[in-house]
Amino acid sequence: MADNIVEIDNLSFGYKGRLLHKGINMSFPRGKVIAIMGGSGSGKTTLLRLIGGQLVPTQGEVRVEGQVVHKQDRHGLFHLRRKMGMLFQFGALFTDLSVYENVAFPIREHADLPESIIRDLVMMKLNAVGLRGARNLMPTELSGGMARRVALARAIALDPSIIMYDEPFTGLDPISMSVTCNLIRSLNDALGATSILVTHDVKEAFSIADYVYIVANGVVEAEGAPEELRQSTLPFVHQFVHGEVDGPVPFHYSAPDYRRDMLRGQDA
Amino acid sequence: MLKRLAEVLRGMGHRIIDRIWRLGSGARFFLYTLIYSGESFRRIHLTIREIYFTGVMSLLIILVSAFFVGMVLALQGYNTLQKYGSSEAIGVLVALSLVRELGPVVTALLFAGRAGTAITAEIGLMKTTEQLSAMEMMAVSPIARVVAPRFWAGVVSMPLLAALFSMVGVLGGYLVAVPVIGVDNGAFWSQMQANVDFQADIVNGVIKSVVFGVACTMIALFEGFDAPPTAEGVSRATTRTVVNSSLAVLGLDFILTSFMIVT
């Protein structure tokens, strides 16, 4: 068996009797960038929360470094989480702290280090994302792309072995997008970490990922290296990868017949 | 008809269960806050910072209100007392009303409106913008880092604010009674000194304000933490903070007063 840092085994999860995931299997080999893709609402972010132990699976399990996440007590879970860094969709920076303090936050919380060493560490992380000069700004003074990069510096502050990205490209301009894209790959390789990338941006994800899982209807619809998926003849994969309007995923949300709906007037 | 009745009953039952459920999760939240307090005491600067935001920043509204409440008390009290020829008792009346009731109660109501809403909105927004999730993912407990310092800040601030309220209120009463109305200065203070009991009046007033501090801060924190992560959710939670805190303060005041008067 390959050396997998994270393994998802027959995982099902749902709220209020409705299953979002129905028996998902995935493995994340050490040192790779793996993308989890799928349409909006396909439960990609939920998968990250399951890996991080913020949610408990209905069935099956998630193992991080061989340990079942949901069976850990608080201490064990926090111990596992120190090996994980997570980049939230809109950064989730602490708005009452400056950029510098945001990046210093996890270091201050978990390590009892003298201020001079904390400063060096924060500067190194900020330099890695190119924002050393922005250290005294407040989060409200940053653009979306900059905030995302600060959040990334904070996520890697403790040199995690797993970095999770929740929709890192959403709402970014093309330049910020390429910057973020390159950063994900270069940080992964420089830190020797494993990156799990949740996104629906096909072009960006395919350009940096080593392996891609496509999730739809609660199951893994397809998986493989980007090149294999691009060539796939499966109708859903073809529609998703090439962004076609019509295909197995219909344009219309399930609704009654259009003509009858219109003629029924206001009672609908 | 029967179907309609069943629906009404079901709706009522659902609401009652929902309330009990919330009460339970509120109690659990309170317990966790106490458990994690130790962690937050180790970083006492966080609590001190919150004392500044909840306590010090509430000073202005509390002191100004206290001044006016004291002045009105003196006016109203004099108006009645002079009919019985005991206008010298005005000092006692002002002091006792403030120390026993108005100090703790009005301070708590103002605190709920000024600091409680700020706490709820801040925590609700932190939740909406995933800051609390981010903290959790960094293996930092939001209850230890965000909730507990605010809780202790509220519990420490409230009795101090109530004490200041009573003090400034007495001052306001004095200004109206002695220089304006012309009550005897000596009688005003000596009657007050003779008739305000340390144990029965002042200590009981402090006990009340501590209890109100716990209730108001806990309600504000819980509502913020429990708010649905949407704009509407946070706004409703903020409203609930004011409504629930005010009702809790008035209800608790009745219970505490009955215990204090009976014993």
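**Two chains, one predicted model**

Among the contacts in chain B between residues at least 6 apart in sequence, 87% join residues at least 24 apart; two residues count as in contact if their C-beta atoms, placed from the backbone, lie within 7 Å. This is a predicted model, where local features need pLDDT of at least 70 and side-chain atom pairs count only at pLDDT 80 or more, while totals for chains, interfaces and linings use all residues. Residues are numbered from 1 along each chain as its sequence is written, and chains are lettered from A, with ligands numbered from 1, in the order in which they are written.

Chain B keeps things simple: nine helices and zero strands. Helices (H or I, at least four residues) and strands (E, at least two) are DSSP runs, numbered from the N terminus. The C-alpha trace of chain B spans about 65 × 60 × 35 Å along its principal axes. Of its 263 residues, 44% count as buried. Here, buried means that 20 or more other C-beta atoms lie within 10 Å of a residue's own, exposed means 12 or fewer, and partly exposed is in between, with C-beta atoms placed from the backbone.

B:Cys216 is buried, because 31 other C-beta atoms lie within 10 Å. B:Cys216 also touches residues from elsewhere in the sequence, including B:Ala108, B:Phe111, B:Gly154 and B:Val249. Take B:Phe111: it is 105 residues away from B:Cys216 in sequence, yet the two are 7.8 Å apart in space, C-alpha to C-alpha.

Where the chains meet, ten residues of chain B are in contact with 14 residues of chain A. That side of chain B divides into five nonpolar, three polar and two charged residues. For this count, Ala, Val, Leu, Ile, Met, Phe, Trp, Tyr, Cys and Pro are nonpolar, Asp, Glu, Lys and Arg are charged, and the others, Gly among them, are polar.

The largest nonpolar core has 131 residues, and A:Met164 and A:Leu197 touch the most other members. Such a core is a set of buried Ala, Val, Leu, Ile, Met, Phe, Trp, Tyr and Cys residues joined through C-beta atoms within 7 Å. Its largest share, 18 residues, comes from helix 6 (residues 142-181) of chain B. Leaving aside neighbours within four places in sequence, the contacts of A:Met164 include A:Leu48, A:Ile51, A:Met84 and A:Ile196.

Two strands pair if DSSP finds at least two bridges between them. Strand 4 (residues 59-64) and strand 5 pair over two bridges, and A:Val68 is the bridge partner of A:Arg63.
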